[in-house]
Amino acid sequence: MSAPTIDLPTSPVTPPASAAALAPPFRERLGDFWYTLRRNPTAMIGLFMIGVVIFAALFAQWIAPYPANEIDFAVVAQPPTREHLFGTDQFGQDIFSRVLFGARIDLMIALSAVVISLIIGSVYGAISGYVGGLTDEVAMRIMDILQGFPRFIFAMGIAFALGPGIETVVIATAVLNIPGYARLMRSSMLSAKTSQYAMAAKAIGANHRAILFKHLVPNCMIPIFVISTLQFGWAILEAAGLSFIGLGVETSRAEWGAMIQLGFQDFLQGHWWMYTFPGLAIAWTVLGFNLLGDGLQDVLDPRRR
Amino acid sequence: MATTATTPHAVAAMPAETPMLEVRDLETQFFTRKGVARVLDRLSFSIGKGEIVGLVGESGSGKSVTGFSIVNLIKSPGKIVAGEILFEGRDLTRLSEDQMRDIRGKDIAMIFQNPRGSLNPVLTVGDQLRQVLKYRQGMNKKQAQERATELLRLVHIPEPERRLKAYPHQLSGGMAQRVMIAMAISCSPHLLIADEPTTGLDVTIEYQIIQLLKEMRDLTGTSVIAITHDLNMAAEVCDRIMVMYAGKVVEQAPVLQFFTKPSHPYTLGLLASRPSLSGGDEIPTIPGNVPDLIHRPTGCAFHPRCRWATQECISIEPLPREVGPGHTAACHHLEEVQRDIAAAH
């Protein structure tokens, strides 16, 4: 039996506009966010530092005085000079240029790793928290197992099994970060799923998928984004670490960890510039992401303002 | 068949031969650590087509649980353990979760108190309205947009196009409740359950929301169950009032009857505890508390608080007795109560 659809006529009367109806003009949410962010010095310093790195990554081709892999045996292992700001390595490659190009590879690795772990971890945690019960219990114990290993040893294990290469670094770093996202998403989900709007969505006949992904997950994303900026920093450290011990990116490529590894081979000769400058680049970037993350946390969590 | 009925009012006034909703001996229990709380105790009532029925009672009398039981959204550890909920001939307690989901929103809609909490804070009003229209009504984007605008206009929201772009936190409470009502009627449900729809709203807005509920009934012929503890609101909006106590309907009557000839001692207590403009400083209250639902009183659940209670009330549970047309009350001492009221005047 199909119900007759009732034709609703348009409203017969317009009520007087109440005072509540005359809200101030709606400012865009993003505008609001930017407005508060700008007043947070920590976040702004972090944003500036990251901005510099992104700028270097995008425009390395034009800023860098030399190509990333220009071998020149005439200028092998030169200390910093006017021609070579950060000096040169054992193959006469310009370290300043390589640091700039390195930003590209390192940011790409970090971005891919963070995005992969964010998607897998969030979906995993969201489902785990939403379903609850035994499923949740089992899912979380699996995460416990992953987290049971010391982070870096675990990454080394994965990298060793997969063999060196950029993809290896991405995968190892991503797997490391999945449990963090999963846990965070699960805990937000536990509180979100008892919310009234979830109940209201149910009462209007929404199915589980719609409730979970349309209503609940978007409400749990803010902590995920905050953590992501911090994870970026970690990912860069881990990627560089893996390359440094020779399980990541090959030393022929302009990647910061690999450059440190290459430079370290000349440690005893006192060629300090070979590893110091890539190391500073890593420190600069990680610090930038951490500052931004801390700042975002303050901006997005009104209780901490 | 009431084919000649021109307005839903006429339909409402007619005694419905087959009620659209009939609840029979419904028992919803909560399995807590302290024991089983029998929140709904063989609850029975029916709702006619186009009727607005007020469900009133103290906090903890089972009003909201009744609402949630009808749409089968009782949260664990609660469970419907017995009884039937016949909605347009189908027993809702026997439906699968998938079938039930199809009924929610489309046939039975529910609105809650605290309307702002019922709206998803990260989606705009328009997103949420359009989503319902798209998924439940199969509309395309353009149709949904037009219909959403129309719905907001229908619930008297000025500048509907602009409000569609607003986020819930940018709305006032009254505005948010209008949006919820718009969402609830978007699929032309046959039954609307309003769970304390005006709690937390100021009186002028409350009045507007009540009027809106009435207007929607007149417009669409939907039946409404208005759950409230506010008798004034019930008087304003309802055709019939049911009083709940400890999970049972103790008295039900057409609204006029209810206020002119209240019969159950509990109803009398409720009516007496309304604050009045002319009254003294102190508001009379019903002595005692809502009974412990795990260890329910024997016989009539109200007997510990009732001044007419006798040995009979402690041992035998009273059944509803006819007081007038469409007016029943479950009490052993209806005659004594009436006599005492008459004597008091």
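Phe30(B) stands opposite Gly78(B), a residue of strand 4 of chain B, in a predicted model. The pairing that holds this position joins strand 1 (residues 21–32) and strand 4 (residues 78–87) of chain B in the antiparallel sense over eight bridges, where two strands count as paired if DSSP finds at least two bridges between them. Helices (H or I, at least four residues) and strands (E, at least two) are DSSP runs, numbered from the N terminus. Residues are numbered from 1 along each chain as its sequence is written, and chains are lettered from A and ligands numbered from 1 in the order in which they are written. Since this is a predicted model, local features need pLDDT of at least 70 and side-chain atom pairs count only at pLDDT 80 or more, while totals for chains, interfaces and linings use all residues.

- Thr28(B) has Ile80(B) in strand 4 of chain B as its bridge partner.
- Strand 4 and strand 5 (residues 90–91) of chain B pair in the antiparallel sense over two bridges, with Leu86(B) opposite Asp91(B) in strand 5 of chain B.
- The hairpin of strand 4 and strand 5 of chain B has two residues between the strands, and Glu88(B) takes a positive phi near 50° there.

**The eight-stranded sheet of chain B**

- Eight strands of chain B form an open sheet of mixed pairing in the order 6-7-8-3-9-10-12-11.
- The edges are strand 6 (108–111) and strand 11 (321–324) of chain B, each of which pairs on one side only.
- Strand 6 and strand 7 of chain B run parallel and are joined by four bridges, with Leu191(B) in strand 7 of chain B as the bridge partner of Ile108(B).
- From strand 6 of chain B, Ile108(B) and Met110(B) point one way and Ala109(B) and Ile111(B) the other way, and all are buried, a residue being buried if 20 or more other C-beta atoms lie within 10 Å of its own, exposed if 12 or fewer, and partly exposed in between, with C-beta atoms placed from the backbone.
- Strand 11 and strand 12 (residues 327–329) of chain B pair in the antiparallel sense over three bridges, and Gly324(B) stands opposite His327(B) in strand 12 of chain B.
- Helix 12 (residues 265–272) of chain B lies across strand 9 (240–245) and strand 10 (248–254) of chain B, running at about 105° to strand 9 of chain B.

**Backbone exceptions in chain B**

- Most residues other than glycine have a negative phi, and most peptide bonds are trans.
- A cis peptide bond with omega of about 10° joins Ser76(B) and Pro77(B), and Pro77(B) lies in the loop between helix 2 and strand 4 of chain B.
- His156(B), in the loop between helix 6 (141–154) and helix 7 (160–164) of chain B, has a positive phi near 60°, and His156(B) counts as buried because 23 C-beta neighbours lie inside 10 Å.
- Glu159(B) is placed in the loop between helix 6 and helix 7 of chain B and has a positive phi of about 50°, but counts as partly exposed because 13 C-beta neighbours lie inside 10 Å.

**Chain A**

- Chain A has eleven helices and zero strands, and buried residues make up 43% of its 305 residues.
- Among contacts in chain A between residues at least 6 apart in sequence, 69% join residues at least 24 apart.

Technical notes: Contact = placed C-beta atoms within 7 Å. Axes fitted to C-alpha atoms, helices over the stretch in contact; angles between N-to-C directions.
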